[in-house]
Amino acid sequence: MGIALLATVAAFAGVLIGVFFEGAGRGTRIMVPFAGGLLMGIPVFGLFPELITQIGWAAGLLWSAAGYVMLLIINRYLFPVCPSCANDHGHESCPAALHGFTAPLVSAAVIHSALDGWSIVTAQWAAPMGVRLALPLAVALHKIPEGIALGAILRASTTSPGSAVGCCLLAEGATLAGGAAALGLAPYLKEMWLSYPLAIAGGVFLYLGFHAVHGEWKRRGAIPAFMPALTGVAGAALLQRGVQALLR
């Protein structure tokens, strides 16, 4: 639960910035594609090789695709799952009063945060050591701009900063609830069965990472999006391969 708590604290720190410091999101934009690259590198170089040895290529890819498609469907047909990644609204400034945004945005953020918590705890429980080391950095860097975006939007859609902070606490607190659910179920699952939620978690990380990079590409162009993202992917790969080499 330590990493889930770190994610919640990082997100809430971002929330406070987003609520009380107008325009602060512009200074964190490089973190979004970099964190996206880390989130993509973690499953590709850390989770998938482990899943292949445990449940095979077909099952690993199928369950990972299930996690990816689940978020794709939610994002496309229900609501944006990640405020810092959505490319249909300028989250950095949010100058307009966004009436009607509060309920759907908080609902979406609760689902997103619960899935984050589930995925984080599952990965920490069953993933190889390289993933466990890379995940805290990726999660923190992803959650801070997410919190800034969420805070800025909710400040523009609620009547006071206190209301915005309260809504954000509800939304980001779901990270701990999702983590607690995963932690409660993990002891009752055989080691092999943990591979299936771990594969779903890999798909969730891959979707969030790609979505973050794609949003920056649409918003700011290829170089500002892909250079930090490639750096993040390379960092995740080097960290996980380095840990593997040390443990041999």
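Start by selecting Ile42, Leu71, Leu135 and Phe205, which touch the most other members of the largest nonpolar core, a set of 32 residues. A nonpolar core here is a set of buried Ala, Val, Leu, Ile, Met, Phe, Trp, Tyr and Cys residues joined through side-chain atoms within 4.5 Å, where buried means under 20% relative accessible area, exposed over 50% and partly exposed in between (1.4 Å probe, protein chains only). The model is predicted, so local features need pLDDT of at least 70 and side-chain atom pairs count only at pLDDT 80 or more, while totals for chains, interfaces and linings use all residues. Residues are numbered from 1 along each chain as its sequence is written, and side-chain values use heavy atoms, leaving out hydrogens and water.

Next, colour helix 1 (2-20), helix 2, helix 3 (102-126), helix 4 (129-157) and helix 6 (191-220), the elements that each give two or more residues to this core; helix 2 gives the most, with 12 residues. Helices (H or I, at least four residues) and strands (E, at least two) are DSSP runs, numbered from the N terminus.

Now follow helix 2 through residues 31-78 to Ile55, where a kink of about 115° is centred. The bend at a residue is the angle between axes fitted to the seven residues ending there and the seven starting there.

Finally, select Tyr68 in helix 2 and Tyr207 in helix 6, which are 139 residues apart. Tyr68 is partly exposed, with a relative accessible area of 23%, whereas Tyr207 is buried at 3%.
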